[in-house]
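This report walks through selected features of one model, moving from the surface to strand pairing, aromatic rings and charged side chains. Please keep the sequence and the structure at hand while reading.

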Amino acid sequence: MENSLGPFPMQIQQLFSDTAQNYNITYSISGPGVDQPPLNYFYIERETGNLFVTGPIDREEYPEFKIICYARTLDGYTPERPLVHVIRIEDDNDNPPVFNPAVCTFQVYENSRSGTVIGEMTATDGDEIGTLHTKLKYRIINQNPVSSKFPTMFNIDPDSGVITLASPGLDREDVEQYVLLIEARDMAGQPFGLCTTGTAVIELQDRNDHAPMCDKSLYEVFIPENTVGAKVIEIGAVDRDLPETSAWHATFKIIKGNEDGAFSIETNPRSNIGTLCVDKGLDYEKTKERRLEISVTNDEPYVLPPNSRTVSQGSCVVVVKVRDIDEGPVFDPCVYILNIKECLPGGTMVGHYLAKDPETRNSEDIRYGVLQDPCGWITMDERGEIRTTKLLDRDAPNMQNYQCNVTVSATDRSGKTGTGVIVVNLEDENDNFPVIVQREKIMCRDRKPICLTAVDADLPPNTVPFTFEITDRNLEWKLIGNDEKSVFLEPVNHIPYGVYDIPIMVTDNGGKQVILITLCGCCGAAPVSSKHVCDDLANQNLIISNTEAPGEEVMDPNILPLKTGNVVTSDQGAGFGMKAGGQESFEMVKGGGHQTMDSLEGGGLHTLQSVKGHHTLESGRGYGHPMMDAYRYSYSEWQNFTHPRLTE
């Protein structure tokens with residue numbers, strides 16, 4: 001038995017060998033507790049085999065001993081094998097339970113429901129496991145403070161030591177923490193069992209279960225009219241929740257009376273003070289008092305106790321009274337839009353802009369003037385009449401902008417001044433005719449319609465759509481609509497080549513132009529391999545003939561018809577025509593193969609100056625050197641003009 005009281009040495013057993021009937025046996029032992037640490041706890045009598053313990057033994061230190069027992073004859077003979085003998089120390093309830101740590105801290109949210117698990121408080125016992133010596137029971141023996149409304153606030157499971165909430169009455173604003181004294185007793189909690197106590201500290205965590213409230217329900221302040229950017233009043237918030245937490249931080253908001261945005265309110269997160277400021281000047285003559293309703297709330301949602309009512313929102317009323325001050329004249333409106341037609345004579349009265357005294361609401365004894373006019377468009381006399389300084393034309397070269405902001409002033413008898421702004425818009429008048437962009441056109445033999453496009457410097461509605469019409473009774477040409485600013489011009493029938501002056505009226509509200517059309521036999525439907533050009537500079541035309549040999553006058557209707565006064569000749573495969581009026585046509589003859597203007601010889605290359613086996617241009621029939629020089633000069637002019645315009 002552990003902790004035996006003796007007397008010692010105390011016999012605990014006797015060993016006996018069956019061989020003692022035949023031999024004179026002596027006994028001995030060895031091992032822990034004998035000749036090994038811990039030493040000298042046991043010994044045996046040699047002759048009798050009685051086993052003794054020499055003193056009390058602590059089971060928690062040495063729960064058992066394994067010793068070896070020997071039986072020998074006097075001459076040392078061992079008639080049987082040594083015996084392993086186990087000495088077990090029987091447990092004594094000598095160890096009380098122990099809490100480790102002795103003090104435990106737990107957290108639980110306020111307003112938690114009954115049955116909420118808070119924590120576990122357990123102890124250990126050094127005695128033998130599985131016996132009553134280590135079977136512990138727990139109970140709460142003290143609670144501090146004790147709630148009058150809920151005497152039993154906590155429970156503890158007697159076997160596991162788990163602490164739970166017994167009543168839903170946790171309110172951090174009333175009690176921030178509870179201290180429980182918990183007992184652990186062995187022997188299954190029987191009164192004679194050993195016991196110990198531990199401490200459980202239960203801290204209550206805050207929840208947003210209290211709405212912030214304003215310091216006062218009504219505030220009254222005075223501010224001068226026209227005050228801007230000034231502090232009006234500071235409003236404090238009272239919240240019973242834990243300071244400097246999201247459940248405590250307040251947010252102020254103006255919920256009524258600030259529809260025009262004249263006020264704003266900001267909250268200091270450290271002090272929970274809302275500062276009301278005025279952002280727009282108040283006019284005493286319009287409003288002598290403003291009544292603002294201000295609410296205060298928390299950012300964090302409310303968590304209410306079980307079976308409790310809804311939290312009411314905190315609010316207050318701020319009455320702002322406006323004090324009257326003597327003000328300068330006020331223009332009405334503060335920005336005056338003035339639209340002026342362009343091209344009005346200088347000095348024309350175009351408007352009236354007046355200011356009023358805010359106190360008397362009239363315009364008597366107020367003088368006016370221009371403070372700043374960056375464009376120099378208008379003047380303003382002392383009566384507020386507005387006149388132009390000069391003729392204003394939107395199309396003038398120095399006119400860069402069509403709008404100008406002019407600052408004007410109004411001064412009352414006391415010398416107080418107010419300002420206004422006149423926005424002058426220079427409006428467009430229909431003072432520009434539509435103009436056809438290109439008035440000289442060339443139409444080639446394909447008679448493809450020519451597009452005539454007009455432009456107008458005015459603005460809508462004084463511009464497109466344009467109306468096009470041929471003003472004289474010209475039955476040779478007609479117009480076909482294209483879009484709102486252009487038409488197509490084409491001949492009605494097959495008309496001779498030549499230069500035509502066609503008067504065309506293009507109107508938005510008036511205007512006429514003459515179009516010069518040169519109709520020539522170039523380009524158009526001719527074969528791609530032929531060189532067709534049109535020269536409206538020298539008034540000459542080069543076309544193709546199918547006559548190879550020298551011939552008489554060319555009268556074939558398929559060749560360009562020449563007007564009266566033209567003389568057409570043909571010499572060595574080339575014919576020339578000239579008109580008295582200066583219009584000339586030049587015709588190159590080709591044979592069955594393709595020949596250019598520059599060459600003609602049965603497939604060979606020749607210049608204009610010589611053709612093998614034929615007469616040259618210089619020796620052509622009926623022409624001398626002066627005539628050939630003139631043709632060379634005309635040809636050079638024609639070539640210089642047409643080469644860069646072949647794509648046209």
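## A nonpolar surface patch

Val-435, Val-437 and Val-455 together make up a nonpolar patch on the surface, with about 240 Å² of accessible area. Patches are built from residues with over 30% relative accessible area and no salt bridge, like charges being joined within 9 Å and nonpolar side chains (Val, Leu, Ile, Met, Phe, Trp, Tyr) within 5 Å; accessible areas come from the Shrake-Rupley method with a 1.4 Å probe, and for residues only the protein chains shown count as cover. Val-435 belongs to strand E33 (residues 435-436), where helices (H or I, at least four residues) and strands (E, at least two) are DSSP runs numbered from the N terminus. With a relative accessible area of 35%, Val-435 is partly exposed; buried means under 20% relative accessible area, exposed over 50%, and partly exposed in between (1.4 Å probe, protein chains only).

The model is predicted, so local features need pLDDT of at least 70 and side-chain atom pairs count only at pLDDT 80 or more, whereas totals for chains, interfaces and linings use all residues. Residues are numbered from 1 along each chain as its sequence is written, and side-chain values use heavy atoms, with hydrogens and water left out.

## Strand E23 and its partners

Strand E23 (residues 314-323) is mostly covered, seven of its ten residues being buried. It pairs with strand E17 (residues 218-224) in the parallel sense over seven bridges, and with strand E22 (residues 289-298) in the antiparallel sense over eight bridges; two strands pair if DSSP finds at least two bridges between them. Within these pairings, Tyr-219 stands opposite Val-318 in E23, and Arg-291 stands opposite Val-319 in E23. In a regular strand the side chains alternate between the two faces of the sheet.

## Aromatic rings

The structure holds twelve aromatic pairs, a pair being two rings of Phe, Tyr or Trp (its six-membered ring) with centres within 6.5 Å, where planes under 30 degrees apart count as stacked, over 60 as edge-to-face and the rest as tilted. The pair of Tyr-23 and Tyr-77 is tilted, because the ring centres are 5.9 Å apart and the planes lie at 55°. Tyr-23 lies in the loop between strand E1 (10-14) and strand E2 (25-30), and Tyr-77 in the loop between strand E5 (64-73) and strand E6 (83-88), so the pair ties together parts that are 54 residues apart in sequence. Both residues are partly exposed, Tyr-23 at 39% relative accessibility and Tyr-77 at 43%.

Elsewhere, ring pairs join Tyr-41, Phe-42, Tyr-62 and Phe-65 into a cluster.

## Salt bridges

A search of the whole structure finds 19 salt bridges, each a side-chain nitrogen of Lys or Arg within 4 Å of a carboxyl oxygen of Asp or Glu. In one of them, Asp-206 meets Arg-172 with the closest N and O atoms 3.1 Å apart. This pair links distant parts of the chain, 34 residues apart: Asp-206 is in the loop between strand E15 (195-205) and strand E16 (213-214), and Arg-172 in the loop between strand E13 (162-165) and strand E14 (177-185). Asp-206 and Arg-172 are both buried.

Glu-385 forms salt bridges with Arg-383 (3.5 Å, N to O) and with Arg-387 (3.2 Å, N to O). Glu-385 is buried, with a relative accessible area of 13%, whereas Arg-383 is exposed at 55% and Arg-387 is partly exposed at 30%.
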